[in-house]
Amino acid sequence: MNEMTVTRTRSEAFAERIGTLLDAGAVAAMISVGHRAGLFTALAGQRPETSDEIARRTGLAERYVREWLAVMVTGRIVDYDPAHRTYHLPEAHADCLVPGAALGNLAVYAQHVTLLGKLEDRIQHCLETGEGTGYSDYPCFHQIMAEDSDQTVKDGLFEVILPLVEGIDERLATGIEVLDAGCGRGHVLLALAERYPASRFTGYDLCADAIDHARNRALAAGLTNVTFEQRDLTGYSEPGRFDLVTSFDAVHDQKDPEGLIRGLKTSLKPGGVYLMQDIGGSAYLEKNMDFPMASLLYAISCAHCTPVSIGQGGNGLGTMWGWETAERMLEDAGFSSVNRHILPHDPMNVWFVSQV
Ligand SMILES: C[S@@+](CC[C@H](N)C(=O)[O-])C[C@H]1O[C@@H](n2cnc3c(N)ncnc32)[C@H](O)[C@@H]1O
């Protein structure tokens with residue numbers, strides 16, 4: 001083979017790979033559409049059905065249901081029987097595409113892909129100017145994030161996450177003061193408040209719409225031991241107020257992550273503990289080549305986490321700031337011990353338990 005032939009073959013192989021990526025991107029966007037329309041839930045556990053039957057059962061427009069199904073069939077997500085023109089979602093596929101699925105609902109994350117599309121013009125502007133964004137630039141961000149953390153954090157909260165903090169179940173049952181920093185829609189705090197009526201829970205977040213949602217939920221559930229407050233955590237200081245502080249995926253996109261960690265440390269009473277979850281990638285790009293969904297995480301970083309930090313006047317650490325950076329910041333804040341954990345079922349996230 002001469003050099004030109006080799007080059008052309010490599011180029012052709014690369015072009016094929018780009019084609020595969022474009023195809024996968026389109027399927028991902030349509031997974032998001034299917035998730036939001038409830039189509040995966042409607043298909044799960046059903047016998048093979050025609051598009052007419054599916055449309056009738058879901059109350060959706062048949063012509064669009066059929067076209068969406070075509071994406072799912074060519075994307076190898078739904079099986080198609082041409083003889084009967086029926087569609088079927090195999091149980092093994094439903095296992096990661098419906099709420100409460102055995103392997104977690106990956107369709108939730110597909111919503112980040114469609115959000116990227118909605119942001120294209122804004123990110124183009126950021127690229128050209130170096131400016132940042134505000135949370136109001138992101139339609140549905142808090143809804144997507146709450147769905148995301150419902151399964152990342154809330155679903156495993158009592159069984160695998162709280163047990164990372166020795167003795168915390170007993171302390172919460174007895175009655176302690178708890179803060180969730182950057183609580184978003186507050187679903188995790190609400191679950192804690194319901195489980196531990198003797199403890200008092202506070203949630204702070206920058207965004208009024210997320211706090212309104214959390215307050216309404218607390219009201220609807222009749223919870224009187226939880227308070228939500230819109231609050232910018234930049235320069236945060238409430239010395240010695242809390243026994244337990246948590247943050248779930250809420251440090252790296254702040255204006256001043258390092259300052260926040262220091263502030264959270266001083267907000268703890270003697271014997272207090274800080275439980276922090278963040279994305280478990282490395283601070284070194286080259287070490288993230290095989291990290292789960294690394295490209296999606298860097299894309300979310302480019303379109304969301306980096307610009308919202310810059311928009312607040314910060315440096316834009318990014319989603320993949322890395323566990324090394326997080327660990328160093330926790331140690332520099334002066335905690336007496338910092339322990340890092342990866343949960344077996346969730347290689348994407350890292351958990352730090354830091355004692356005052
Ligand atoms: C990735 S979201 C995580 C939300 C929530 N902890 C969850 O798991 O669903 C990050 C949160 O940090 C909040 N946040 C960002 N900058 C903030 C600031 N300066 N002060 C308070 N909250 C902030 C955002 O509004 C957002 O709700």
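**Entry 1: ground rules and a loop asparagine**

Helices (H or I, at least four residues) and strands (E, at least two) are DSSP runs, numbered from the N terminus. I am working on a predicted model.

I started with Asn288 and asked where its place is. Asn288 sits in the loop between β7 and α14 (294–311). Is Asn288 buried or exposed? With a relative accessible area of 2%, Asn288 is buried. I then listed what Asn288 touches, skipping residues up to four places away in sequence: Gly281, Ser282, Ala294, Tyr298 and Met320.

The loop between β7 and α14 also holds Met293. I checked the backbone there and found a positive phi for Met293, near 50 degrees, in a residue other than glycine. Met293 counts as partly exposed, at 36% relative accessibility.

**Entry 2: cysteines**

How many does the count come to? The count comes to zero disulfides. Cys183 is in none, and the nearest cysteine sulfur, that of Cys207, is 9.9 Å away. The cut-off I need here is 2.5 Å between the sulfur atoms of a pair.

I repeated the check on Cys305.

Cys183 is buried at a relative accessible area of 10%, and Cys305 counts as buried at 6% relative accessibility.

**Entry 3: α13 against α15**

Two packed helices are described by the angle between their axes and the distance between the axes. Helix α13 (residues 257–266) packs with helix α15 (residues 323–332) at about 45 degrees, and their axes are 9 Å apart.

I wrote down who makes the contact: Pro257, Glu258 and Ile261 come from α13, while Arg328, Met329, Leu330 and Asp332 come from α15. Sorted by class, the contact of α13 with α15 has four nonpolar residues, three charged ones and no polar ones.

Which residues of α15 are buried? They are Glu324, Thr325, Ala326, Glu327, Met329 and Leu330. The buried residues of α15 pack against α13 and also against β7 (268–279), β8 (337–343) and β9 (346–355). After α15 comes Gly334, and I noted its positive phi, near 95 degrees.

**Entry 4: α3 against α4**

Helix α3 (residues 51–58) and helix α4 (residues 62–74) have axes that come within 9 Å and cross at roughly 120 degrees. I logged α3 and α4 as oblique to each other too. Is the crossing of α3 past α4 right-handed or left-handed? I get right-handed for α3 past α4.

The α3 side of the contact is Ser51, Asp52, Ile54 and Ala55, and the α4 side is Glu62, Val65, Arg66 and Leu69. By class, I count four nonpolar, one polar and three charged residues in the contact of α3 with α4.

**Entry 5: around β2**

I moved to Thr86, which is in strand β2 (residues 86–88). Thr86 is buried, with a relative accessible area of 11%. Leaving aside neighbours within four places in sequence, I find Thr86 in contact with Pro48, Glu49, Thr50, Asp79, Tyr80 and Asp81.

Arg85 got its own check. It lies in the loop between β1 (79–81) and β2. Arg85 has a positive phi of about 55 degrees, although it is not a glycine. Is Arg85 buried or exposed? At 60% relative accessibility, I put Arg85 down as exposed.

Last, I looked up Gly117, which belongs to helix α6 (residues 107–118). Gly117 counts as partly exposed at 49% relative accessibility. How many residues separate Gly117 and Ala303 in sequence? I get 186 residues, while their C-alpha atoms are 9.8 Å apart in space.

Key: Residues numbered from 1 in each chain as written. Predicted model: local features only at pLDDT ≥ 70, side-chain atom pairs only at ≥ 80, totals over all residues. Heavy atoms only, no water. Buried < 20%, exposed > 50% of the residue type's maximum accessible area, 1.4 Å probe, protein only. Axes fitted to C-alpha atoms, helices over the stretch in contact; angles between N-to-C directions. Contact = heavy atoms within 4.5 Å. Nonpolar A, V, L, I, M, F, W, Y, C, P; charged D, E, K, R; others polar. Parallel < 35°, antiparallel > 145°, perpendicular 65-115°, else oblique. Left-handed = near helix turned anticlockwise from the far one by under 90°.
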